[in-house]
Structures are given as C-alpha cells and as structure tokens.
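Visitor: Could you pick one part of this structure and take me through it closely? I'd like to know what surrounds it and how its side chains pair up.

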Amino acid sequence: MSLRVFLKQADLTQRQLAKIVGVSEPTVSRWITGTALVPTEKLRTVADTLGISIEELVPKSPVPSSLTDIFEQRGAA
C-alpha cells in the first residue's frame, strides 16, 4: 500500500505527520509522491505513528533471479 493510504487509515494529514516526525509538510508530500524516500532515521517514527511495520514503508525492489538477469540489466549479455 502507499503512504497516502496509510495516512488515511491512521486518520492523519500530511501536516500532522510532518509535525510528529519533525519534518516539513513538503517533505511528507515528496514521500507520498515517491520523489523522496523516508530517511532511515525517520522510518521507526513514521511506522509507529501510522501503526504499520517498517517493512510496509520500504519500497520493494526486484531481485534478479539469476546471474543472466544481472548481466542483461547491465547490458553485458
């Protein structure tokens, strides 16, 4: 789920989350739009505030299934 959904479920505004976490509202907006990631040092506070796990905040990146995939991604195949 997205940070926007988690905020809604927690009945919080961007402004409220920003104040709790100690960042600006535009910073929270960047987290929501995906133009910035929640910094490591803020993950626990954000997760606890929203009542979710840190894992739910961290975007999942695809893991190559084989060495062939790695080489193809790098253009070396």
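A close look at one helix

Guide: Let's start with Arg 44, which is partly exposed at 46% relative accessible area (buried is under 20%, exposed over 50%, partly exposed in between, with a 1.4 Å probe and protein chains only). The model is predicted, so local features need pLDDT of at least 70 and side-chain atom pairs 80 or more, while totals for chains, interfaces and linings use all residues. Residues are numbered from 1 along each chain as its sequence is written, and side-chain values use heavy atoms, leaving out hydrogens and water.

Arg 44 and Asp 48 share helix H4, 4 residues apart, about one turn (helices are DSSP runs of H or I, at least four residues, numbered from the N terminus). Their side chains form a salt bridge at 3.3 Å, N to O (a Lys or Arg side-chain nitrogen within 4 Å of an Asp or Glu carboxyl oxygen).

Now for the buried side: in H4, residues 40-50, these are Leu 43, Val 46, Ala 47 and Leu 50. They fall within an arc of 100° seen down the axis, so they line one face of the helix (the arc is taken from directions from the axis to the C-beta atoms). Their cover includes helices H1, H2, H3 and H5. Leu 57, for one, touches Leu 43, Val 46 and Ala 47, among others, not counting residues up to four places away in sequence (contact means heavy atoms within 4.5 Å).

Notes:
Helices (H or I, at least four residues) and strands (E, at least two) are DSSP runs, numbered from the N terminus.
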